[in-house]
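Me: I would like to learn how to read a structure of this kind, feature by feature. Could we start from the whole chain and then go to single residues?

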Amino acid sequence: MSNQEHYDIESHESSSITFDFRGYLFKVLNLWKFVVACIGIALVIAYLINVRKQNVYKLESLVSVENDQNPFFTANTSISFNWGGVSGKMGKTITTLQTRTHNEKVVDSLQSYMNYFVEGKYRKVDIYKKAPFVFNLDLQKPQILGHYIGIRFLDANTFEVFAQFEQPQATVQRYDTKTKSRVDLPQGDFNKQYKIGQKINLPFLNGSLTWRNKPKTAQTGKEFFILFSNYDSVVHGYKQTIGVAPFNASSSVIKLVLTGSNKAKIVDYLNTTAVILSKNELERKNLYATNTIKFIDSSLAAVDIDLQDVNKEMNDFRKKNKVFDVSAEMAEASSKLQAFEAQKEAENTKLNYLQSLEQYLKTKTNYINIAAPTSVGIDETNILNSVSKITNLAIERQNLEYTTREGSDLFLDLDRQIDAEKNVLLETIDATKTTIRLQLNTINRNIAALEAKLSNLPEDQQQYLRIQRKLTISQEAYNVYMAKRSEAAIVKAANISDISIVDEAKDIGGGLIGPNKSLNYMMALMMGFFIPMFIIFVVFLLDNTIHGSDEIERLSNIPILGLIGKYRYHNNLVVFEKPKSAVAESFRAIRSSLQFILNKDESEQGKAIMITSSVSGEGKTFCSINIATVYALSGKKTILLGLDLRKPKIFDDFQMTNDHGIVNYLIGEKTFDEVNNHTHIDNLDVIPSGPIPPNPSELLMSNRMKVLMTHLRQNYDIIILDTPPLGLVTDALELVKYADTSIFMVRLDYTKKGMLQLINAKHHGGEIKNINFVLNFYKHKTNHNYGYGYGYGYGYGYGVYGNAYHADAKKSVFQRIKSFIKKT
């Protein structure tokens with residue numbers, strides 16, 4: 001083998017593994033109907049998804065977090081309440097909105113675990129408050145979970161509860177205690193009639209049905225459905241779905257966002273959650289004032305009892321004794337004594353409060369119930385500040401319990417702050433109690449001096465003045481407490497929450513966020529395009545058949561002698577019966593090319609042309625018959641030998657039998673003249689194969705074959721050898737030595753690329769010389785052999801011939817799909 005030939009083989013083998021992008025592109029163009037069909041199917045699927053999916057809406061509301069000062073709280077207010085500030089309140093509010101406790105309150109308020117449905121086109125549709133009735137459920141009795149209970153109206157006052165139960169038991173839940181249990185169910189269809197407002201007591205349903213608004217039209221025959229959901233699941237769903245975030249970085253406004261399939265339900269949930277948040281915040285804000293009012297009420301009750309006792313004592317004294325006049329000097333002394341006793345009473349009240357506060361701090365762990373020190377007249381700044389800080393820290397710790405596990409560092413830090421402030425407050429209380437006791441000692445000395453001065457009066461007068469002083473002091477104390485209680489009540493009543501709704505949720509017709517129909521259609525377009533493109537790509541990669549002349553030129557150096565188009569005809573005699581057809585012209589072109597090759601040999605003997613292929617079904621016999629015909633019609637004395645001894649074929653088209661043929665001649669049973677047949681085509685003789693022999697290769701190698709070829713060369717101008725497929729048997733190789741030139745048939749979209757490697761190897765190995773390709777089933781395209789265009793063809797029963805060598809071959813499912821794609 002020469003270096004040039006070795007280089008050619010390597011170059012073709014290396015080029016065979018490159019990806020033919022142009023071929024892939026034309027393959028796609030050829031299968032454009034398949035791509036369009038896939039896109040259409042994808043768009044239909046997207047449409048069905050869009051019409052069946054529920055609409056998803058997103059609505060929002062705005063909530064303000066401000067430090068709203070009580071309008072009645074002024075510098076002249078004697079009772080001091082520390083309302084806190086905005087600092088840290090945004091974070092606490094955001095956290096509260098996402099807590100389970102808060103969402104439980106909203107779900108309980110709206111009874112979001114109960115839903116109303118009607119039967120829609122594709123699914124049951126949630127109608128929420130559009131249902132004409134309300135089911136007033138009995139919270140103390142169970143309701144079935146996850147099962148539709150039907151309501152069918154029979155007339156204006158009667159309805160029917162219906163359901164179908166396939167399981168003998170189901171899970172039910174009580175919505176007061178949130179406990180679940182199992183109950184027995186009636187099997188099969190259940191139906192029972194009730195009146196509007198009548199109590200329903202069933203194992204799976206308990207409550208009564210009333211009109212939401214008396215319907216203007218009759219509901220007879222209309223069906224509705226009630227569905228109860230697991231309470232915990234509903235709360236968790238809202239807790240996970242609701243979005244809470246600051247409106248912007250610099251404002252104290254929070255944006256609430258919620259998504260769902262029913263806009264009215266979203267609106268109610270957002271507005272209710274804001275209302276409940278505001279209400280809870282106001283309760284928390286009023287906690288200090290509420291505790292103070294409670295403390296004043298308890299003190300006021302004791303003072304009232306004392307006042308009643310003193311009034312009774314005065315009345316009893318007056319009944320028993322005359323009214324006495326005392327001197328002005330003694331009256332003044334009594335008045336001073338009264339003032340000191342009032343001071344003593346006030347200081348004792350402060351001392352009692354401090355002792356109670358001290359005991360409370362030492363024995364309690366929850367410090368949110370401390371009354372305001374100013375309610376008893378304590379205005380010590382350190383005590384006021386310490387009580388306020390401890391109360392705020394206790395409230396903050398209580399709020400944190402909703403979202404933080406016990407033992408967290410946040411709890412530990414708050415506890416350390418509370419303990420530190422409590423220790424400071426206890427020290428301040430001790431110091432204040434010492435100061436009060438000193439003041440009480442001074443007051444007691446003054447009282448003792450005045451009492452000594454009054455002791456000179458008669459006993460009756462002393463008793464009268466003593467009762468009068470007690471009455472005056474009790475009355476003043478009562479008036480002070482009443483004033484303070486009124487002041488605290490006014491402050492509490494006029495107080496407003498720090499949480500207010502800036503922009504409530506409202507259905508104004510928008511808010512639709514899903515399904516994203518445009519995106520679904522876009523995805524359908526992409527998938528409908530790329531999936532068939534990928535399928536075509538895979539098929540193209542796995543496809544090892546030859547589709548065009550450019551592939552042959554890339555894979556082999558063997559020249560292409562001619563092209564035969566696709567043409568449908570009932571037999572193989574196309575050149576003879578359709579001489580003006582394009583196929584007949586193709587064979588004339590092949591004859592011209594063969595003449596150029598054969599004329600290189602100036603011998604006067606007849607020229608032999610061997611026609612073979614890689615496998616059956618590639619048009620070898622069709623080409624043999626028509627090349628022989630085109631030579632015969634040109635005046636050349638031509639003979640066609642059927643040397644495919646394993647599967648004879650050529651006799652059918654000439655209306656002859658295969659009873660006698662070349663096999664009979666080779667075994668010496670018949671003479672040449674006995675097996676030779678003159679056809680109805682001038683100058684064309686045909687020798688069929690004859691009976692199938694047990695040893696075809698040996699017969700073709702016999703000496704009689706050599707003698708026959710010598711005889712034919714002397715008596716005929718052109719000898720056409722129709723041989724067996726080269727890729728299946730070796731018979732054709734035995735005949736190469738008799739051929740002046742060989743034609744290797746390649747059927748486009750059928751012949752495998754690997755077969756070209758076989759013929760290349762035999763050509764470069766010298767086993768086959770002077771060989772050319774003829775392309776069968778050729779389709780003319782624009783500068784390429786893929787894609788679409790016009791073509792020619794023929795039909796002569798390839799399936800029968802092909803099965804001769806693969807009688808048991810069956811196509812796999814993949815091969816059938818692949819064949820279908822090729823045909824589209």
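**Reading the chain**

Reply: Of the 824 residues in the chain, 46% are buried; buried means under 20% relative accessible area, exposed means over 50%, and partly exposed lies in between, with a 1.4 Å probe and protein chains only. This is a predicted model, in which local features need pLDDT of at least 70, side-chain atom pairs count only at pLDDT 80 or more, and totals for chains, interfaces and linings use all residues. Residues are numbered from 1 along each chain as its sequence is written, and side-chain values use heavy atoms, with hydrogens and water left out.

Me: What is the average pLDDT of the chain?

Reply: pLDDT is the predictor's confidence in each residue, from 0 to 100. The chain averages 80, and 82% of the residues score at least 70. Residues 1-16 have a pLDDT below 50, and this stretch has 13 contacts in the model beyond near neighbours in sequence; contact means heavy atoms within 4.5 Å. Residues 782-809 also stay under 50, with 93 contacts beyond four places in sequence. Where pLDDT is low, the predicted coordinates should not be read in detail.

Me: How many helices and strands are there?

Reply: Helices (H or I, at least four residues) and strands (E, at least two) are DSSP runs, numbered from the N terminus. The chain has 24 helices and 26 strands. As for contacts with a separation of 6 or more, 79% are between residues 24 or more positions apart.

Me: Which residues of helix α5 are buried?

Reply: In α5, which spans residues 100-110, these are H102, N103, V106 and V107. The way to read such a list is to look down the helix axis, using an arc of the directions from the axis to the C-beta atoms. The buried residues of α5 fall within an arc of 135°, so they line one face of the helix.

Me: What is found at the start of α5, and what follows the helix?

Reply: At the start, a side-chain oxygen of T99 comes to within 3.3 Å of the backbone nitrogen of H102. After α5 comes Q111, with a positive phi near 50°.

Me: Where else is phi positive, in residues that are not glycine?

Reply: K178 is one case, with phi about 65°. K178 sits in the loop between β8 (169-173) and β9 (180-184) and is partly exposed, at 24% relative accessible area. Q655 is another, with phi about 50°. Its loop runs between β20 (638-642) and α17 (662-666), and Q655 counts as exposed at 65% relative accessibility.

Me: Which residues touch the most other members of the largest nonpolar core?

Reply: In soluble globular proteins, nonpolar side chains tend to be buried together. A nonpolar core is a set of buried Ala, Val, Leu, Ile, Met, Phe, Trp, Tyr and Cys residues joined through side-chain atoms within 4.5 Å. The largest core here has 60 residues, and F133, F135, I151, V161, F204, L205 and F228 touch the most other members. Helix α7 (residues 263-320) gives the largest share of this core, seven residues. A second, separate core has 42 residues, including M610, L645, L666 and L735.

Me: What does F133 touch, leaving aside its neighbours within four places in sequence?

Reply: F133 is in contact with Y116, I151, F153, L209, T210, W211, R212, F224 and I226.

Me: How many salt bridges does the count come to?

Reply: A salt bridge is a side-chain nitrogen of Lys or Arg within 4 Å of a carboxyl oxygen of Asp or Glu. The count comes to 20. One of them joins R100 and D232, at 2.7 Å from N to O. This pair links distant parts of the chain: R100 is in α5 and D232 in helix α6 (residues 231-241), 132 residues apart. R100 is partly exposed at 27% relative accessible area, and D232 is partly exposed at 34%.

Me: Is K762, in its salt bridge with E767, buried or exposed?

Reply: K762 is buried, with a relative accessible area of 14%, whereas E767 counts as partly exposed at 44%. The closest N and O atoms of this pair are 3.7 Å apart. Elsewhere, salt bridges that share partners join R100, E104 and D232 into one network.

Notes:
Polar contact = N/O pair within 3.5 Å; in protein donor to acceptor, adjacent residues only side chain to side chain.
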